[in-house]
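Please look at the structure below slowly, and keep it in view while you read the paragraphs that follow.

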Amino acid sequence: MTYKAVAFDLDGTIAETFPVIFDAFRKIVYRYTPQEIDDQAILATFGANEIGMLKKLIPGVKDDILDDFYRQYRASHAQLTQPFSGIKDLIATLKSHGVMVPMVTGKGDVSCRISLETLGMVDQFEPILIGSPKGSNKAANFKKILAQYQLTADQLAYIADTAGDVQACREAGIACYSAAWSRYANVDKLREVNDQVFMTVADLTAALASQI
């Protein structure tokens, strides 16, 4: 079996973006409420895109808060301009073997673009499928890729960092490689639900060598 496409998550997989996310949401919530929230409160809203998250954190908030949020997100992202070590090499290796490299993320379109621009990776992924304000839509997006590119489920794999990602992959019938190199990764939880858990990008690159 050879993969024709290997898709990537963004947050915690491509780069250590969680501090950026926490900083941006914390400052926006304080600006609009004012209320001080911790990282766990923000993490509890993950799955939805930014407007979905903001509506959980600030009930009744209007959609026009997004412009303010994106300005803050870009400012917060100035502290992070590089992906995890080895990520660009892994993507280059996949492409050199003719493997398509999509991105499937829970982020919204604008924040995804800001992250990729800041990381210098704006041209690395095709297609890019984004999140929904209603919650996780990754399984549906995997199915879109399979249909659009006429792939069988065993020809697509996903690299991501949460147990929820593993479940989404199972719903779509595709392989999931769990990225545990973020300091925010819950390694024990990942190992409970997946036997393909990797602590370094280099280890994952080696594991994929025989599948491409």
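The model is predicted, and local features need pLDDT of at least 70, side-chain atom pairs count only at pLDDT 80 or more, while totals for chains, interfaces and linings use all residues. Residues are numbered from 1 along each chain as its sequence is written, and side-chain values use heavy atoms, with hydrogens and water left out.

Domain 1 covers 5-15 + 81-209 and domain 2 covers 17-78, with bounds that come from an automatic or database domain assignment. Their centres, taken over C-alpha atoms, are separated by 23 Å. In contact (heavy atoms within 4.5 Å) are 24 residues of domain 1 and 16 residues of domain 2.

The area buried between the two domains, that is, the accessible area (1.4 Å probe) that two parts lose on being put together, summed over both, is about 1,600 Å², and carbon and sulfur atoms give 59% of it. On the side of domain 1, I114, P133 and Y184 lose the most area to domain 2, together 31% of what that side buries.

One salt bridge is counted between the domains, a salt bridge being a side-chain nitrogen of Lys or Arg within 4 Å of a carboxyl oxygen of Asp or Glu. The side chains of R74 and E117 meet in a salt bridge, at 3.4 Å from N to O.

Turning to the cysteines, the whole structure holds zero disulfides, a disulfide being a pair of cysteine sulfur atoms within 2.5 Å. The sulfur of C112 is too far for a bond, because the closest cysteine sulfur, in C169, is 17 Å away.
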